[in-house]
Every structure is written in structure tokens, then in C-alpha cells.
Amino acid sequence: MLANYGLVGLFFIVVIVFSVTMVVIPVILRLLRIVPNRPNPIKNSIFECGVETIGKTWVQFNFRYYFYALVFLALDILIVFLYPWAVQLRELGFNSLIAVLILVGIVLVGYIYAWKKKALEWK
């Protein structure tokens with residue numbers, strides 16, 4: 001039974017080695033002085049599109065923008081799952097209809113919850 005998980009273990013080892021390598025390579029290049037490090041005030045200054053900023057440089061966005069993005073993402077994923085189902089509707093049968101109705105129900109419950117909490121109102 002252990003041999004069945006050998007490929008998963010090998011993949012896990014490759015992932016660990018790759019992750020550690022990607023962290024260590026920049027450190028080694030900096031220690032060997034291959035990567036230049038010459039900070040100065042002009043390089044460290046904050047600019048946007050080549051123009052110096054006027055006013056505060058840190059602007060905190062309203063969290064509602066993220067919520068709208070999450071609702072859009074949920075509906076977008078729903079469409080990604082519904083399209084292949086709709087294309088193969090005749091071959092999939094009644095069980096797939098139940099599964100899709102459950103998926104749509106879950107998304108609909110989340111949408112109604114967001115609506116009841118008045119999270120979708122633009123203020």
C-alpha cells in the first residue's frame with residue numbers, strides 16, 4: 001500500500017526542494033554581489049506613473065470592493081461549472097441535475113445572505 005503513495009511523496013519532495021531553492025537563490029546571489037544593491041533616496045522615493053505623489057501615499061480601500069469581487073467570483077465559478085453541465089445535459093442524467101441544483105442552491109443561499117446583510121448596497 002505504501003508503494004501507491006510513492007508518486008505523491010516524490011511530488012511532495014520536489015515541491016519542497018523547489019520552494020527552498022527559490023528562496024535560497026536570491027540570498028546567495030546577493031551574498032556573492034551578483035545582484036547590485038545600491039540604495040539611494042531617489043530609488044527609494046515613492047512615485048506612480050513617473051509622477052511624484054501629492055498628499056498621502058497610503059490610501060485604504062473600502063472593504064466592500066473586495067466583497068463585490070468575491071460575489072462576482074462566486075457567480076463566475078458557478079458559470080464555469082454550469083456550462084459543461086449544460087453542454088452534456090442529455091448524457092449526464094438525473095443525478096447530475098440534482099448535483100447542479102444543490103450547487104445553485106448553495107450559491108443562492110450565499111447571495112440571499114449577502115442581500116439580507118445589505119452588503120450589496122452601494123453607499
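How many helices and strands does the secondary structure of the protein chain come to?

## Model and fold

The secondary structure consists of five helices and two strands, where helices (H or I, at least four residues) and strands (E, at least two) are DSSP runs numbered from the N terminus. Along the sequence of the protein chain the pattern reads α-α-β-β-α-α-α. The radius of gyration is 25 Å, well over the 14 Å from the globule rule for 123 residues, so the protein chain is more spread out than a compact globule. That radius is taken over C-alpha atoms, and the rule is 2.2 Å times the number of residues to the power 0.38.

This is a predicted model, in which local features need pLDDT of at least 70 and side-chain atom pairs count only at pLDDT 80 or more, while totals for chains, interfaces and linings use all residues. Residues are numbered from 1 along each chain as its sequence is written, and side-chain values use heavy atoms, with hydrogens and water left out.

## Extent and surface

Taken along the principal axes, the box filled by the C-alpha atoms of the protein chain is roughly 65 × 60 × 25 Å. Of the 123 residues, 7% count as buried. Buried means under 20% relative accessible area, exposed over 50%, and partly exposed in between (1.4 Å probe, protein chains only).

The protein chain exposes about 11,800 Å², of which carbon and sulfur atoms supply 72%. Accessible areas come from the Shrake-Rupley method with a 1.4 Å probe, and for residues only the protein chains shown count as cover.

## Charges

There are 11 positive and 5 negative side chains in the protein chain, and the centres of the two sets lie 11 Å apart. Lys and Arg count as positive and Asp and Glu as negative, with His and the chain ends not counted. The place of a charge is taken as NZ of Lys, CZ of Arg, CG of Asp or CD of Glu.

Helix α1 spans residues 6-31 and contains Ile28. Ile28 is partly exposed, at 42% relative accessibility, and belongs to a nonpolar surface patch of about 830 Å². The other members of this patch include Phe12, Ile16, Val20, Leu32 and Val35. Patches are made of residues with over 30% relative accessible area and no salt bridge; like charges are joined within 9 Å, and nonpolar side chains (Val, Leu, Ile, Met, Phe, Trp, Tyr) within 5 Å. A salt bridge is a side-chain nitrogen of Lys or Arg within 4 Å of a carboxyl oxygen of Asp or Glu.

Phe11 also lies in helix α1 and is exposed, with a relative accessible area of 58%. The C-alpha atoms of Phe11 and Arg30 are separated by 29 Å, at 19 residues apart along the chain. Pro26 is in helix α1 too, and a relative accessible area of 45% makes Pro26 partly exposed. Between Pro26 and Asn40, 14 residues apart along the chain, the C-alpha separation is 21 Å.

Arg33 sits in the loop between α1 and α2 (41-44) and is exposed, at 73% relative accessibility. Arg33 has a positive phi of about 65° although it is not a glycine. Most residues other than glycine have a negative phi.

Val71 is in helix α3 (residues 63-87) and is buried, with a relative accessible area of 18%. Val71 and Ile106 are 35 residues apart in sequence, and their C-alpha atoms are 13 Å apart in space.
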